[in-house]
Amino acid sequence: MTTSPSLMRPARFGDLAAIVDVHTQARAAYYQAGGLPGSEIDSPDGWARRRAFWAHAVQSSAMTVLCAVEDTEVVGVAAMGPPKEGAQAAPACGQLHRIHVRPDRWGRGVGGRLHAEFIRFLQESALGTGLLDAWEHNTRALAFYTLRGWVPDGHRRPGPGGIDFLRLRLDLRDRATAASAASAAASSGASLPQV
């Protein structure tokens, strides 16, 4: 089965059911992969809490919510904006509050395109640092972010199953320096170490 590339567009209130469905599928997959039993993955009011978060995010002037759409179907979503209260963030920080991709679209570049939109958000907002929280047992997400230059900053908060969320930080200046060095090395003919 082939699918068309994802179109990125602002979320609309009418997308809420699809957005909550993407979030629900993604979190169930990564919590289950991280070893949480099914009984701990969702509570009876979980869907309603997720819907309330997304309804607020979509309607908030402080948040940017983008949908990845393939053939009119929402397959991924990202919410970004100012850091959460108490995040102990530097003034020039933006937070990637949520990024979720339907598990059947994992590995197809949807998450990478949503992440690229977050980087664009930081740049257009003149913010030099990105923050996000990732569940410590979500190894797939941690590998995704590490590959893109995110590093743990030492802050943790409690998560499900007694497993913490780790705060990750991305410094765009470090990322620009690394990209500049790679570009300079490539144009000078020098070889870069293979990872």
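1. The model is predicted, so read it with its limits: local features need pLDDT of at least 70, side-chain atom pairs count only at pLDDT 80 or more, and totals for chains, interfaces and linings use all residues. Numbering starts from 1 along each chain as its sequence is written, and side-chain values use heavy atoms, without hydrogens and water.

2. Helices here are DSSP runs of H or I with at least four residues, strands are E runs of at least two, and both are numbered from the N terminus. Expected span is 1.5 Å times one less than the number of residues.

3. Helix 1 has 18 residues and should span 26 Å; its end C-alpha atoms are 26 Å apart, which agrees. Its buried residues (under 20% relative accessible area, 1.4 Å probe, protein chains only) include Ile 19, His 23, Ala 26 and Tyr 30. Ala 17, Gln 32 and Ala 33 are exposed (over 50%) on the face turned away. Gly 35 follows helix 1, with a positive phi near 100°.

4. Helix 3 covers residues 46-59 and reaches 20 Å, close to the 20 Å expected. Gly 46, Arg 50, Trp 54, Ala 55, Ala 57 and Val 58 are buried. They lie on the same side of helix 3, because their arc is only 165°. His 56 and Gln 59 are exposed on the other side.

5. What do the buried residues of helix 3 pack against? Their partners are helix 1, strand 2, strand 3 and strand 4, with contact meaning heavy atoms within 4.5 Å.

6. Helix 4 (residues 110-124) has buried residues including Leu 114, Phe 118 and Phe 121. Ala 126 follows helix 4, with a positive phi near 55°.

How values were computed: Arc of directions from axis to C-beta.
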